[in-house]
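Biologist: Hi! Could you walk me through this one? I'd like the overall picture before we get into side chains.

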Amino acid sequence: MSFGLAEKGLKKREEFRHFAENELDTGDQFPRDNLQKAAERGYLGYPIPEQWGGQGEDFLSYILLIEEISRICSSTGVITAVHTSVGTFPILYFGTDEQKKRYLPGLAQGKMLGAFALTEAGAGSDAAALTTTAVAVDGGYRLNGCKVFITSGGQADLYTVFATMDSKKGVKGITAFLVEKDSPGLIAGKPEKKMGLNRSNTTELRLEDLFVPMSSRLGQEGDGFAIAMSLLDGGRIGIAAQGLGLAGASIDYTIRYMKEQEEGGKTTEQGVSFALADLAARFEAARLLVYRAAAVKDAGERCSKEASMAKMFATDLAVDAATRCIDLCGLNASRQDNPLTRYFCDAKATQIYEGSNQIQRIVISRQLLK
Ligand code: CAA
């Protein structure tokens with residue numbers, strides 16, 4: 001019996017686990033093959049309606065997919081999550097019919113990769129402080145500025161870019177634009193050398209006198225900040241699922257290791273068994289938070305509080321689980337080629353991106369005090 005997931009969810013998890021374990025690789029290059037295999041199964045447009053080339057599945061099923069992919073290759077997990085929830089949903093939720101026709105089928109079928117360009121050097125946690133400008137010109141807008149830490153920068157085909165049209169208006173001055181990769185004036189920097197998630201390209205993105213036609217504005221002028229925040233609600237549940245995948249991978253690895261030790265005649269210390277029990281209980285609690293957040297989103301309700309709780313709890317657990325499991329498995333686990341080392345390095349970023357876990361606490365407490 002599995003409290004929380006109906007039979008459909010359990011079957012989906014089995015399908016995704018089989019896919020991830022048998023089809024995904026864990027090399028060190030951009031995971032093009034993994035993404036191609038995911039696209040062939042419709043996984044790059046899983047919660048996108050069939051009308052637009054997707055699979056028309058619910059958000060909870062998509063979350064199970066991200067969890068299982070991330071258990072094997074969390075770089076592929078974050079690329080898929082960003083592509084879907086902040087790369088494709090912007091057009092599904094806020095696009096005009098023309099924008100939907102132009103972009104959704106390609107994105108949902110994985111022929112195009114989507115990305116989200118909000119963060120700047122001086123506007124990470126304080127997203128409203130962004131300084132990229134958009135000036136209205138004949139037939140459209142001219143964008144100037146520089147975005148940083150853009151997931152799939154240089155690899156993506158379409159970016160949702162946020163710029164201010166009037167900094168005096170604060171959040172109400174921000175507008176969203178769809179920018180295609182070959183637009184003159186769009187320049188992606190070199191991939192960042194990160195501590196983890198090394199297969200996912202993270203780059204700077206410069207916008208130099210970049211012209212965006214009127215038809216590529218997303219939503220109304222001034223709607224950009226609310227668009228970004230509402231997309232991040234869904235995006236954060238995806239990152240929470242990535243945290244679940246990583247935490248589960250660390251715990252599973254350690255259980256296998258302990259069993260091998262026991263088969264070799266060593267007994268598991270009480271301290272070790274207590275630590276494993278704690279992690280397993282926190283893992284089940286994290287799953288409930290993540291699946292609940294997805295269910296709230298599926299119900300069409302605002303899920304800011306639930307998403308932030310899930311993201312904070314599951315990604316903190318991902319780091320704690322990797323850290324504790326390295327302790328439990330000893331020196332062997334600290335080798336660079338040991339999977340636990342990769343889980344630890346990959347998990348660290350999940351606490352930081354799509355809003356650091358301190359930002360999640362701000363979102364949660366503001367919702368509580370509203
Ligand atoms: N849904 C809809 N509208 C929302 C919203 C939501 N969840 N949250 C805010 N808004 C709108 C509302 O209109 C709100 O006005 P009202 O309060 O009058 O309703 C308006 O936005 C302003 O909201 P706030 O007052 O809460 O704005 P703030 O400036 O205080 O910022 C913040 C709040 C939570 C700190 C926000 O800046 C934030 O989330 N920061 C973190 C940014 C972030 O997550 N960046 C991630 C980058 S993408 C990434 O990392 C992806 C990747 O590559 C992996």
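Modeller: Happy to. Buried residues account for 55% of the 370 residues in the protein chain. Keep in mind that this is a predicted model.

Biologist: Thanks. How many helices and strands are there in the protein chain?

Modeller: The protein chain has 11 helices and eight strands.

Biologist: And what is the radius of gyration of the protein chain, next to that of a compact globule?

Modeller: The protein chain comes out at 21 Å, which agrees with the value near 21 Å for a compact globule of 370 residues. Along the principal axes, the C-alpha trace spans about 75 × 45 × 40 Å.

Biologist: What about contacts between residues at least 6 apart in sequence: what share join residues at least 24 apart?

Modeller: That share is 73% in the protein chain.

Biologist: Good. Let's switch to strands. Is strand E5 largely enclosed or open?

Modeller: Strand E5, residues 174-180, is largely enclosed by the rest of the structure, because six of its seven residues are buried.

Biologist: Which way does strand E4 run against E5, and over how many bridges?

Modeller: E4 (residues 158-164) and E5 run antiparallel and are joined by seven bridges. If you want a spot to look at, Thr160 stands opposite Leu178 in E5.

Biologist: Handy. And how does E5 pair with strand E8?

Modeller: That pairing is antiparallel too, over two bridges, with E8 covering residues 217-218. There, Ala176 stands opposite Leu218 in E8.

Biologist: Okay, on to charges. How many salt bridges does the structure hold?

Modeller: The structure holds 21 salt bridges. One of them joins Lys12 to Glu57, with the closest N and O atoms 3.3 Å apart.

Biologist: Which parts does that Lys12 and Glu57 pair tie together?

Modeller: Lys12 is in helix H1 (residues 7-23) and Glu57 is in the loop between helix H2 (32-40) and helix H3 (59-72), so the pair ties together parts that are 45 residues apart in sequence.

Biologist: Is Lys12 buried or exposed?

Modeller: Lys12 is buried, at a relative accessible area of 12%.

Biologist: What does Glu68 pair with?

Modeller: Glu68 forms a salt bridge with Arg17, at 2.8 Å from N to O. This pair links distant parts of the chain, since Glu68 belongs to helix H3 and Arg17 to helix H1, 51 residues apart. Glu68 is buried, with a relative accessible area of 1%, while Arg17 is partly exposed at 25%.

Biologist: Which residues are linked with those two in a network of salt bridges?

Modeller: Along with Arg17 and Glu68, the network takes in Arg13, Glu21, Arg71 and Asp252.

Biologist: Nice. I also had my eye on Asp316. Which residue does Asp316 meet in a salt bridge?

Modeller: Asp316 meets Arg361, at 3.5 Å from N to O. Asp316 is in helix H9 (residues 304-329) and Arg361 in helix H11 (residues 357-369), so this pair ties together parts 45 residues apart in sequence. Arg361 counts as partly exposed, at 39% relative accessibility.

Biologist: Which residues make the nonpolar surface patch of about 220 Å²?

Modeller: Val135, Val137 and Phe211 make that patch. Val137 is in strand E2, residues 133-137, and counts as partly exposed at 31% relative accessibility.

Conventions. Residues are numbered from 1 along each chain as its sequence is written. This is a predicted model: local features need pLDDT of at least 70, side-chain atom pairs count only at pLDDT 80 or more; totals for chains, interfaces and linings use all residues. Side-chain values use heavy atoms; hydrogens and water are left out. A salt bridge is a side-chain nitrogen of Lys or Arg within 4 Å of a carboxyl oxygen of Asp or Glu. Helices (H or I, at least four residues) and strands (E, at least two) are DSSP runs, numbered from the N terminus. Buried means under 20% relative accessible area, exposed over 50%, partly exposed in between (1.4 Å probe, protein chains only). Patches are made of residues with over 30% relative accessible area and no salt bridge: like charges are joined within 9 Å, nonpolar side chains (Val, Leu, Ile, Met, Phe, Trp, Tyr) within 5 Å. Accessible areas come from the Shrake-Rupley method with a 1.4 Å probe; for residues, only the protein chains shown count as cover. The radius of gyration is taken over C-alpha atoms; the globule rule is 2.2 Å times the number of residues to the power 0.38. Contact means heavy atoms within 4.5 Å. Two strands pair if DSSP finds at least two bridges between them.
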